[in-house]
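Please read this note with the sequence and the model side by side. The points below go through selected places in turn.

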Amino acid sequence: MANDSVFRETEPLALLRPVTAGGRNFKKEEFRTLLVENAYVIGLLGTLYCIDANRIEGINRHQLLLLNPHPAAKKIDKTLDDFSPDNISAFPAALTHLSSLMLENKITAPTSIQNIFLRGDFLQNSQRALIENVFKKISIELGYGLGEFGRIGNLCTFLAKKYGLSAFHPVQYRRLIELADIDENGYGEIVATSFGNPATCLIRYRTGDVGRVLQEECECGKKFTLILTGRKNFDYVKCAGAMLVRQELERVLTSLKDYIEEWRAETREVLNGVRIVGEITLKIKVTSGYAVLANPKEFIRAEVEKNLFLTPTHTLANLISSGAFLPLKIEQADSFPETKKPLLLRRVD
């Protein structure tokens, strides 16, 4: 459903709520959780949940080990063996980094781990391949919801087999899930409305996530499927620990306007050995001046790699030299589809 009346926030939304385990639904077999996070504030929240769960139940069975994979390095094996976690809870990027470290140091995943619960971000195919290479034959679940809103999509084993881990059945109880600004391919921004507690009720809340809806009956009986494709990414894309900003790319390409008439850019993360690395593809519609260059693709590639900053201090060329990114790909296009809102920058899987 497309509608320009969707409420637009100009400031970040902040909600204050008590930390309580009452609605967490801890499974009885989940005794020892390995929480893999890059941000300690998120780890602190998970720790408080476990403390409160034990307090409410009057026991001490919910035990949690907070692990930041970046400084852990070769000490991971002893840490994992000592704690023997039953399950892992993590953001995809953090667990991907941990998986890379384990492969590089030839560390085997503990046999005690039964489940992996991912949340907070999208799971790319390259990330899933790397995680499954380390944590073999372990059940992986990816939930879809927002901290300020609650659950938006429910997991389904039939959907996971058919579409992967980024497909969900929209929550229908006290929820209204819509798509806004739908493009010609059926992709739109996910907009959510809740009809629960009036104190935290959100009306047509823009999630910033993009997806499409399939109206088909699933084997489980549900009639709608929500497939996530990523963030809206109109202005910036996070990729392999760096950030491609549209304005920065426009700055660099402005100096090449004698050769490039129009452009689109795509980023992706790919599995390169035991590491996830970034890759940028620049699609260009060229001018007549393009043919004057002796080796036009190599010239444009070198100029973009040398001048495009993906961090405050590192250019694309620097990140290519360090192995964090692959060389820039250049693709020539005769034309681009005409749309009301051309998407110059997007992330693909």
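**Notes on the model**

1. K137 sits in the loop that connects α5 (125–134) with β5. Helices (H or I, at least four residues) and strands (E, at least two) are DSSP runs, numbered from the N terminus. The model is a predicted one, in which local features need pLDDT of at least 70 and side-chain atom pairs count only at pLDDT 80 or more, while totals for chains, interfaces and linings use all residues. Residues are numbered from 1 along each chain as its sequence is written, and side-chain values use heavy atoms, with hydrogens and water left out.

2. Most residues other than glycine have a negative phi. K137 is exposed, with a relative accessible area of 88%. Buried means under 20% relative accessible area, exposed over 50%, and partly exposed in between (1.4 Å probe, protein chains only).

3. A240 also deserves a look: its phi is positive, about 50°, although A240 is not a glycine. A240 belongs to the loop between β13 (236–239) and β14 (242–245). With a relative accessible area of 24%, A240 is partly exposed.

4. Turn next to the open sheet, which five strands form in the order β2-β1-β3-β4-β5 with parallel pairing. The strands β2 (63–67) and β5 (139–142) stand at the edges with a single partner strand each, so one side of each has no neighbour in the sheet. On average, neighbouring strands of this sheet are turned by 20° against each other, direction ignored. Two strands pair if DSSP finds at least two bridges between them.

5. Strand β1 (residues 32–36) runs parallel to β2 and is joined to β2 by five bridges. In this pairing, V36 stands opposite L67 in β2. Helix α1 (residues 40–57) packs on the sheet, where it touches β1 and β2, and its direction makes about 175° with that of β2. Helix α3 (residues 76–83) lies across β1 and β2 and runs at about 155° to β1. Axes are lines fitted to C-alpha atoms, for helices over the stretch in contact, and angles run from 0 to 180 degrees between N-to-C directions.

6. The side chains of T33 and N87 make a polar contact at 3.2 Å. A polar contact is a pair of N or O atoms within 3.5 Å; within protein, one must be able to donate a hydrogen and the other to accept it, and residues adjacent in sequence count only if both atoms are side-chain atoms.

7. In helix α8, the buried residues are P296, I300, R301, V304 and E305. Seen down the axis of α8, they fall within an arc of 150° (taken from the directions from the helix axis to the C-beta atoms), so they line one face of the helix. An α-helix has 3.6 residues a turn, so residues three or four places apart point the same way. The cover over the buried residues of α8 includes α7 (246–254), β15 (260–272) and α9 (316–321).

8. N154 lies in strand β7 (residues 150–154) and is partly exposed, with a relative accessible area of 32%. N154 touches F168, H169 and V171, not counting residues up to four places away in sequence.

Definitions and conventions. Contact = heavy atoms within 4.5 Å.
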